[in-house]
Amino acid sequence: MHHLLSWQTMSTREWVLINVYGLLLFIEVNLILKKKQPILRTVFGLDIMIGLFYLSLYGTYAMTMTKKEAMSLNGFERYMSTVIIIAILSMGALTAVVIDRCYVEQNIEKRDFKSYKSIFTKNIYQMSSLVLLVFSIIAMLSETNGLAYNTRMARKELPVKLAKMAKEETQLNHKK
């Protein structure tokens, strides 16, 4: 629980960021634009997915390893970053679908440059697409850079030191 609630972990910060983004998207679309979209339901589903993944990861660590070994492993943040990347991708897809559903013309074949309500809504659409692209790229780079940092820091951890000190022997012999 300490790891999950700590602001030092990247996965916790990004989980909170995903929820804040979902709330802002809900406020913008459902309350300001008055378009009913199932945004909160999707964000809640992502929260359940991340929570279940966290519990299954905790169960894996608790059931298969000693406490000291589980505490020294560096894999937790790697596994959590995987599910966070999936959640970021899901939020990007949700945003694209919501933007598409907020379009004035719902029939794709009939859309053209006049399909926007006004030039202001066209600019909002274009800017939100650009901001979403930039946000997604930054989030993905943040995750990969965080993994690289954790990997560099893990070189001093016990499992890495043990692997260097006691190398595996693949030849059959009579040594103990």
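I took a nonpolar patch as Val, Leu, Ile, Met, Phe, Trp or Tyr side chains joined within 5 Å, from residues with over 30% relative accessible area and no salt bridge. A salt bridge is a side-chain nitrogen of Lys or Arg within 4 Å of a carboxyl oxygen of Asp or Glu. Areas come from the Shrake-Rupley method with a 1.4 Å probe, and for residues only the protein chains shown count as cover.

The model is predicted: local features need pLDDT of at least 70, side-chain atom pairs count only at pLDDT 80 or more, and totals for chains, interfaces and linings use all residues. Residues are numbered from 1 along each chain as its sequence is written, and side-chain values use heavy atoms, without hydrogens or water.

**Patch.** I found about 910 Å² made by W7, V16, V20, L23, L24, I27, L31, I32, L33 and L40. I checked L31, which lies in α2. L31 is partly exposed at 45% relative accessible area (between buried, under 20%, and exposed, over 50%; 1.4 Å probe, protein chains only).

**Helix α2.** I looked up its buried residues, among them W15, I18, L25, F26 and V29. Just after α2, K34 has a positive phi of about 60°.

Beyond four places in sequence, I50 is in contact (heavy atoms within 4.5 Å) with W15, M80, V83, I84 and A87.

Definitions and conventions: Helix = DSSP H or I, 4+ residues; strand = E, 2+ residues; numbered from the N terminus. Patch = residues over 30% accessible without salt bridge, like charges linked within 9 Å, V, L, I, M, F, W, Y side chains within 5 Å.
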